[in-house]
Amino acid sequence: VISIKDNDSLAARLAVEMKADLLIALSDVEGLYNSPPGTDDAKLIDIFYPGDQQSITYGTKSRVGIGGMEAKVCKKSLHYLLVQNHRQVMAALWALRGGTSVVIANGTNPKITGHVITDIVEGKKVGTFFSEIKPAGRLPSAMLKRLSLSLEKLNSLAVGLRQIATAARDNIGRVVRRTRVAQSLELEQVTVPIGVLLVIFEARPDCLPQVSALAIASGNALLLKGGKEAANTNYVLHQLTQEALSLHGVREAVSTHEEVEDICRLDKMIDLIIPRGSSQLVQEIQRVAKGIPVLGHSEGICHVYVDADASVKIHSGPRFASYLTFSPSEARSLRTEYGDLECCLEVVDSVQEAVEHIHKYGSSHTDVIITENRAEVGISTARIHARGPVGLEGLLTTKWVLRGEGHTVADFSENGSMKYLHENLPVA
């Protein structure tokens, strides 16, 4: 029996006694978060199940009293779970065990409060839903599209693999630069493989054959780790890759591995790690990689700045909240990659403010400024040997080959017989 000490425990008790199907607990935040609400990295937890409460240490008592809704940080393993109030969560879990489903959602926003209850009842994603069973197979439609390999996708994949094979001819050992350093002394820059690559990817199984083809075409050995969401598909694709490689006696040139953290420490064996997925994945791999370069990207958060001089037509988007008396709900964060047919529209006063906004919230993926004013605007991004879309060329590096006829450093001294020329030569 739950002890009645506040409105949360009273609501839970009544809901169970009445055998209610659903208890909606309205709070002053959207639900449970994986980091402090209000920070740019905070993400709402859509579904919370009782197993998540194990090993959770709750924060101190709220400053606003027993029934207060101030969030407190709770540590679980390496993750942080924000729980509004210890008693509210305990009440929700008690009601759940009593057979009543529970949703914790925001009831304070005057623009959407009237829709919260009806949206929840209609099954829309609002707040945090408490579930007795850890969710499995309940994936968003956008995720399902990424996981599926339709006939159209497979045909497109086959075309792409053939294109990679064609582009790979004579790609290794190609001379990209020739210089005559001195008489009979020539320096060549030649393409070579990087070595052993570790590529970690998440939801898209078509990534496996694509990356395998690029690694093979560039002469690199490849270790792959795919997301658990596509484990069965990845297994089949890996078998097909090895079957194709066995025809050429290099079956193990592409292999898979499960223990990511362990393999990320093999700095004597792996030359480059490429994580493909969320910024959280990239950051985690950068954390655990010991002495191995990581070629990672952040989210695909892209921007378009519409200047006052641009000849474009603007339609109402999901943001303009401070200017319009009616609009869709405000974005929870300006650092959200929606992965669906959604966008966030913000207003800035100038080109400079647009650049500052992009620097602050962007991921250096793709950013655009539209204007008829020809002023140049530079947006800096991180640099590495490969920048932008990384394909066949990005998986190659170069070495320098110096050919001479017994030249020595003394030949180029002040009293030596040789002089430096540094002449660029045509590449055959």
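The following questions and answers concern a predicted model.

Q: Why is V304 called exposed?
A: The relative accessibility of V304 is 53%, and the term exposed applies over 50%; V304 therefore counts as exposed. This residue lies in strand β13.

Q: What makes V304, V306, V312, V368 and I370 a patch on the surface?
A: Nonpolar side chains are joined into a patch within 5 Å, provided that each residue has over 30% relative accessible area and no salt bridge. V304, V306, V312, V368 and I370 form such a nonpolar patch, with about 340 Å² of accessible area together. Strands β13 (303-306) and β14 (367-370) each supply at least two of its residues.

Q: Why is the pair of F48 and F130 called edge-to-face?
A: The ring centres of F48 and F130 are 5.3 Å apart, and rings pair within 6.5 Å. Their planes stand at 65°, and an angle over 60 degrees counts as edge-to-face; hence the name. The pair links distant parts of the chain, with F48 in strand β2 and F130 in strand β6, 82 residues apart. Both F48 and F130 are buried.

Q: What makes the aromatic pair of F412 and Y420 stacked?
A: The planes of F412 and Y420 are 10° apart, with 4.3 Å centre to centre. Planes under 30 degrees apart count as stacked.

Q: Why does F412 count as buried?
A: F412 has 15% relative accessibility, and buried means under 20%; F412 is therefore buried.

Q: What makes β1 and β2 edge strands?
A: In the open sheet ordered β1-β5-β6-β2, β1 (22-27) and β2 (47-48) each pair on one side only. The partner of β1 is β5 (residues 101-106), joined in the parallel sense over six bridges.

Note on methods. Residues are numbered from 1 along each chain as its sequence is written. This is a predicted model: local features need pLDDT of at least 70, side-chain atom pairs count only at pLDDT 80 or more; totals for chains, interfaces and linings use all residues. Side-chain values use heavy atoms; hydrogens and water are left out. Patches are made of residues with over 30% relative accessible area and no salt bridge: like charges are joined within 9 Å, nonpolar side chains (Val, Leu, Ile, Met, Phe, Trp, Tyr) within 5 Å. Accessible areas come from the Shrake-Rupley method with a 1.4 Å probe; for residues, only the protein chains shown count as cover. A salt bridge is a side-chain nitrogen of Lys or Arg within 4 Å of a carboxyl oxygen of Asp or Glu. Helices (H or I, at least four residues) and strands (E, at least two) are DSSP runs, numbered from the N terminus. Buried means under 20% relative accessible area, exposed over 50%, partly exposed in between (1.4 Å probe, protein chains only). Two strands pair if DSSP finds at least two bridges between them. Rings of Phe, Tyr and Trp (its six-membered ring) pair if their centres lie within 6.5 Å; planes under 30 degrees apart count as stacked, over 60 as edge-to-face and the rest as tilted.
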